[in-house]
Amino acid sequence: MSNSKDHMLQSRLGITPDAGAWCVIGKIPKPPPDVHRNAGNGALRSGFIRPLRLLVLGLTSPFVLILGFLLLLASGEEVLKKWLATKEERERLRAEELDDKRRDTAIVELGLNQTFDGDWNGAAGQFLLRWYGHSSHHERYVALAEGRILLAAPPKRVSFRAESRMGVVAEIPTAEAELEDPLPEYKSNKLLLRFKDGSWIVLTTEEMRSSLHMYLMRRSANHETKSTES
């Protein structure tokens with residue numbers, strides 16, 4: 001870990017993780033009433049942004065407009081680059097677009113556009129029922145460390161400085177679940193939190209091919225190398 005944000009995360013987690021990234025989940029479907037009741041009738045969605053925060057966001061709206069204008073300029077620049085690109089560059093861009101379309105198709109085919117596998121009695125479904133009971137924040141910082149999957153978040157939803165307020169809200173031993181990259185051949189933001197009973201939850205990282213993706217890729221490559229040597 002090198003920058004100040006990394007050091008802050010390390011301090012809040014109490015350990016140095018092998019890798020970590022902020023993740024969100026999809027909308028939690030409405031569970032059967034008895035299943036929800038038996039799980040404690042916990043919240044099934046993240047908390048709302050406080051009115052004061054909404055006011056602050058409203059006051060900063062001119063900056064949002066400026067940002068939108070800059071993004072529009074960037075989009076125009078991309079179009080211009082494509083128009084001025086060489087034949088080889090255009091072929092590379094077309095290959096990337098085709099790859100993105102294949103990735104999006106695979107996401108649907110594998111059910112990665114869903115929040116979880118759909119079995120409320122499975123380990124993933126039961127864990128999902130308590131997701132926002134641990135914290136009403138909309139994101140989780142998911143970290144891998146010392147044979148555990150750590151999920152950290154602020155106690156309540158915040159708009160700013162989530163890193164400085166977060167704490168570990170759940171721990172899952174890797175004997176009970178593993179983190180997987182379901183699309184290792186593509187640059188994606190999807191991960192699977194797969195439990196030993198086969199049930200799973202889809203995690204979406206803030207960035208494409210996050211630190212978690214890269215760690216899983218390296219671990220898979222090392223495993224293949226050792227298998228070949230043996």
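The model is predicted: local features need pLDDT of at least 70, side-chain atom pairs count only at pLDDT 80 or more, and totals for chains, interfaces and linings use all residues. Residues are numbered from 1 along each chain as its sequence is written, and side-chain values use heavy atoms, with hydrogens and water left out. Helices (H or I, at least four residues) and strands (E, at least two) are DSSP runs numbered from the N terminus.

**Strand 7: burial**
- Strand 7 (residues 200-205) is largely enclosed by the rest of the structure, because six of its six residues are buried (under 20% relative accessible area, 1.4 Å probe, protein chains only).
- In a regular strand, side chains alternate between the two faces of the sheet.
- Trp200, Val202 and Thr204 point one way from strand 7, while Ile201, Leu203 and Thr205 point the other way.

**Strand 7: pairing**
- Strands pair if DSSP finds at least two bridges between them.
- Strand 6 (residues 190-195) runs antiparallel to strand 7 and is joined to it by five bridges; Lys190 has Thr204 as its bridge partner.
- Strand 1 (residues 19-24) is also antiparallel to strand 7, with two bridges; Cys23 is partnered by Thr205.
- The hairpin of strands 6 and 7 has four residues between the strands, and Gly198 there takes a positive phi near 95°.

**Ser46**
- Ser46 lies in the loop between helix 2 (33-38) and helix 3 (51-59).
- Leaving aside neighbours within four places in sequence, Ser46 is in contact (heavy atoms within 4.5 Å) with Tyr132, Ser136, His137, His138 and Arg157.
- The side chains of Ser46 and Arg157 make a polar contact at 3.3 Å (a pair of N or O atoms within 3.5 Å; within protein, one must be able to donate a hydrogen and the other to accept it, and residues adjacent in sequence count only if both atoms are side-chain atoms).

How values were computed
Buried < 20%, exposed > 50% of the residue type's maximum accessible area, 1.4 Å probe, protein only.
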